Amino acid sequence: MQTGVRVQPTLRAFINMSTATNLSSLLKPLQLGPYTTRNRIFMSALTRNRTVPTNVPNELLVEYYRQRARSAGLIVTEGVLVAQQGTEWPHAPGIWSQEQVQGWKKVTDVVHAEVSLLYSDLGDLSEHQAHCPVAGRISHPDAPEQIASGEPVYAPSAIAARGGKFRHIPGKPDTGYVTPTAIDDPKKLIALLKKAAVNAKNAGFRRCRASRSRGFLSSNSNKRTDAYGGSLENRMRFTLEVLKEVIDVWGPERVGIKLNPPGGLNDCDMPLEETVKTYSSLITDIDKLGIGYISLMRYNPMLDPLKTAAVHDVVEMYAHLIKNPKTVFIPNSGFTLEEGAQFVDKNPGSAIFYGIPWIMNPDLAKRVELGKPVAGFDKLDMLGLQGYYPPYPHDEDLMKGENLAKLKEDLKKGYSDYPDAQ
């Protein structure tokens, strides 16, 4: 694996971006397990909070994913809740009930009709995944979904995360994180994730992306004294056991994982030396399993609000550890199209995950193919990122009758109303 491309990622690199450069390497097919993707411009998971009135995927999601499936080589869904408890975000889709499975089936049907591949991004009940609304220690016990679940906020250890505020807690505007409940037996969480993997298969997904479980990996958030804490081997156990259970459902070639070694979010960061040791060991062990892909998040300053991340070049540090011929390495975060094409030129067995550009360019890969201008960060509807909602907390009547119909129309703004290239 060559690592000649080293960049400081920034969304503003996409301002007024054109496609005049030769980007042909991004348009080549890629063999990914049993499937061949039509190009290497993949869509990363993006939390968008449009699942109203409940956490059952609705017609808004169907249209949003249909638009992007027309040209994407592969799509990873937004983070999917694997249980009602443990969500940081309101209005995120779940996959623990049959009603939700049927809702996702409508999404997978339209995506596969457009000849794109769709991964389900299963959540993490121990910590918050970068694009996954299942949170654990950064959930709140008074969140409506958390109360409805009848369960406490679980985490590897009873340690509150620093930073962060909630806007949707009734009677508690701008309340912060609280001390979670240490899970008595992590296998309970593993069982929930396996059930979600089964449900994802029944919903028509073709592949599944497993949780990376930074909450258990980090010595900062995991102070357990049992088999899931203490030594590096023990702290890796949860991630590897989850991965093996998902593999048991899907087979290794249809499973992927995203890792974020630099971190920056949710107070799970470790010193640089410990971070490198942890992720080097984890990636080496995952590589032995022969899964479909390993995706690594590069450092992104926008995802480091407390400036606690272990800043380092993840491609240079870890890519050479992915040696299994069955496993594709796919970097993520902050690539421009030109940089992505350069990377694929140097690493012809790879692809690139793009996130924000897929929001304002529903036909991103088609624009590249036709040499059309690509909308940049200056075209991003910031208010539409998480939805045009009235101020939190919401009145119950908002999710009923005419109010709900109006809300769904408002939620199309900055979501499914971006135009194709002319």
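Is lysine 412 buried, exposed or partly exposed, and what is its relative accessible area? In this predicted model, lysine 412 is partly exposed, with a relative accessible area of 32%.

**View 1. Salt bridge between lysine 412 and glutamate 409.** The closest N and O atoms of lysine 412 and glutamate 409 lie 2.9 Å apart. Glutamate 409 counts as partly exposed because its relative accessibility is 47%, a value between the limits of 20% and 50%. Lysine 412, at 32%, falls in the partly exposed class as well.

**View 2. Salt bridge between aspartate 410 and lysine 413.** The side chains of aspartate 410 and lysine 413 meet at an N to O distance of 3.6 Å. Aspartate 410 has a relative accessible area of 17% and is therefore buried, the limit for that class being under 20%. Lysine 413 is partly exposed, its relative accessible area being 38%.

**View 3. Salt bridge between arginine 214 and aspartate 269.** The two side chains meet with an N to O distance of 2.8 Å. The pair links distant parts of the chain, 55 residues apart: arginine 214 belongs to helix α5 (residues 214–217), and aspartate 269 to the loop between β11 (255–259) and α7 (272–287). Arginine 214 and aspartate 269 are both buried.

**View 4. Salt-bridge network of Lys194, Glu245 and Asp248.** Salt bridges link Lys194, Glu245 and Asp248 in a network. The count for the model comes to 20 salt bridges. Side chains of opposite charge can pair when their charged atoms come close.

**View 5. Helix α2 and the elements that cover its buried residues.** Helix α2 spans residues 98–113, 16 residues in number, and reaches 22 Å from its first C-alpha to its last, close to the 22 Å expected at 1.5 Å a residue. Its buried residues are Gln100, Val101, Gly103, Trp104, Val107, Thr108, Val111 and His112. Because these residues cover an arc of only 165 degrees around the axis, they lie on the same side of α2. The elements covering the buried residues include α1 (59–69), β4 (74–80), β5 (117–122) and α4 (187–202).

**View 6. The other side of α2 and the residue valine 115.** Gln98, Glu99, Lys106 and Ala113 are exposed on the other side of α2. Helix α2 is followed by valine 115, whose phi is positive, near 65 degrees.

Terms used. Residues are numbered from 1 along each chain as its sequence is written. This is a predicted model: local features need pLDDT of at least 70, side-chain atom pairs count only at pLDDT 80 or more; totals for chains, interfaces and linings use all residues. Side-chain values use heavy atoms; hydrogens and water are left out. Helices (H or I, at least four residues) and strands (E, at least two) are DSSP runs, numbered from the N terminus. The expected span of a helix is 1.5 Å times one less than its number of residues. Buried means under 20% relative accessible area, exposed over 50%, partly exposed in between (1.4 Å probe, protein chains only). The arc is that of the directions from the helix axis to the C-beta atoms. Contact means heavy atoms within 4.5 Å. A salt bridge is a side-chain nitrogen of Lys or Arg within 4 Å of a carboxyl oxygen of Asp or Glu.
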